Amino acid sequence: MTVPIDADSFNAFEAEGWEQQAGGYERLFGRITARLVEPLLQAAQVGPADRVLDLATGPGYVAAAAAWRVASVVGVDVAAAMVALARERHPELEFQQADAHALPFADASFDALVGNFLVLHLGRPEQAAKEFARVLAPAGRLALTAWDVPEEARFLGVFLDAVAAAGATAPAALPQGPDFFRFSRNEELEALLGGAGLEDIEVETIAFVYPAATADQLWDGLLSGSVRTAALIVRQTPDTQRRIRAEFDGLVAQYVVGDGLEIPVSVKLAVARKP
């Protein structure tokens, strides 16, 4: 039986979680997501004088890179703490707190929209996708990334496998959210963007290896820089957390290379155009 999604509670959980996790994001996730900045901008064909909206800007990685391309860029994030971090890092750029489900911009305001790992955090992705299409100008481009399935995105997969191997289940207090890996499937990304009225949709897979110094670095980076996955672990009992960590240590051992770890990462990159 499918458990219904409580989109409002999930969106509130995500927003509150990112307020708490903003400071730890760059320890692991920021280093990985930064690898997708240039592919995103290239896919969206961002160039000089383009009006660009960077969705879920986080510390402002994509916004800053768009500005280097001489684009006119605005970065938005649902978490005030992330907006404050982005403004601190890039005081010359414009950042606003905004919900992707209801963007505070007029129709056809931007030539390009980019969202680095946004769609998996949305309780109502179809509603958000229609907002993306609304604020895009005719012939405007949209580029989004999402994690691949955990069998390929192993830096996430080892955590989820460790939870399963430890016999742990999701804590009852966590709001039921959408399938974290829904948009790991090409057809789901295509349907999302097509349903919003976008065209010329293409999805590609980008794979690389992330070098982690130690298992501790990987573990601490996830717990301090994610929301849903971290909550799956930190809201367990201390005994269950210890079991998960033991399983995790066993799983990451297969990725030891020399004095460190080399963890496979795989990402979906989708691009579309507004008619």
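Colleague: Why is Thr 33 called buried?

Modeller: Its relative accessible area is 3%. Buried means under 20%, exposed means over 50%, and partly exposed lies in between (1.4 Å probe, protein chains only). Thr 33 therefore counts as buried. A word on the source: this is a predicted model, where local features need pLDDT of at least 70, side-chain atom pairs count only at pLDDT 80 or more, and totals for chains, interfaces and linings use all residues. Residues are numbered from 1 along each chain as its sequence is written, and side-chain values use heavy atoms, with hydrogens and water left out.

Colleague: Where is Thr 33 found, and what does Thr 33 touch?

Modeller: Thr 33 is found in helix α2. Helices are DSSP runs of H or I with at least four residues, strands are runs of E with at least two, and both are numbered from the N terminus. Not counting residues up to four places away in sequence, Thr 33 touches Tyr 25, Tyr 61, Asn 116, Phe 117 and Trp 147. Contact means heavy atoms within 4.5 Å.

Colleague: What makes the pair Thr 33 and Tyr 25 a polar contact?

Modeller: The distance between the side chains is 2.8 Å. A polar contact is a pair of N or O atoms within 3.5 Å; within protein, one must be able to donate a hydrogen and the other to accept it, and residues adjacent in sequence count only if both atoms are side-chain atoms. The pair Thr 33 and Tyr 25 qualifies.

Colleague: Which atom of Thr 33 lies 3.1 Å from the side chain of Asn 116?

Modeller: The backbone oxygen of Thr 33 lies at that distance from a polar atom of the Asn 116 side chain. The side chain of Asn 116 also makes a polar contact with the side chain of Thr 145, at 2.6 Å. Asn 116 is found in the loop between β4 (110–115) and α6 (125–135).

Colleague: Is Asn 116 buried or exposed?

Modeller: Its relative accessible area is 10%, so Asn 116 is buried. Leaving out residues up to four places away in sequence, Asn 116 touches Thr 33, Leu 36, Val 37, Leu 40, Leu 55, Val 62 and Thr 145.

Colleague: And Glu 202, buried or exposed?

Modeller: Glu 202 has a relative accessible area of 55%, so Glu 202 is exposed. Glu 202 is found in strand β6 (residues 199–212). Leaving aside neighbours within four places in sequence, Glu 202 is in contact with Leu 269, Ala 270 and Val 271.

Colleague: Why is Ala 108 called partly exposed?

Modeller: The relative accessible area of Ala 108 is 29%.

Colleague: Why are α7 and α11 called oblique?

Modeller: Their axes come within 8 Å and cross at roughly 130°. Axes are lines fitted to C-alpha atoms, for helices over the stretch in contact, and angles run from 0 to 180 degrees between N-to-C directions. Under 35 degrees counts as roughly parallel, over 145 as roughly antiparallel, 65 to 115 as roughly perpendicular, and the rest as oblique. α7 and α11 are therefore oblique to each other. On the α7 side, the meeting residues include Val 158 and Phe 159; on the α11 side, they include Ile 244 and Phe 248.

Colleague: What about α9 and α11?

Modeller: They pack at an angle of about 130°, with axes 10 Å apart. The contact is made by Ala 215, Asp 216, Leu 218 and Trp 219 of α9 and Ile 244, Arg 245, Phe 248, Asp 249 and Val 252 of α11. α9 and α11 are therefore oblique too.

Colleague: How do you know that α9 is mostly covered?

Modeller: Eight of its 11 residues are buried. Among them are Trp 219, Leu 222 and Leu 223. The buried residues of α9 pack against elements including α1 (7–21), α10 (228–234) and β8 (260–273).

Colleague: What makes a nonpolar core?

Modeller: A nonpolar core is a set of buried Ala, Val, Leu, Ile, Met, Phe, Trp, Tyr and Cys residues joined through side-chain atoms within 4.5 Å. Of the 71 residues in the largest one, Trp 147, Phe 155 and Phe 248 touch the most other members. Apart from that core lies another, of 31 residues, with Leu 118, Val 119, Ala 129 and Leu 144 among them.
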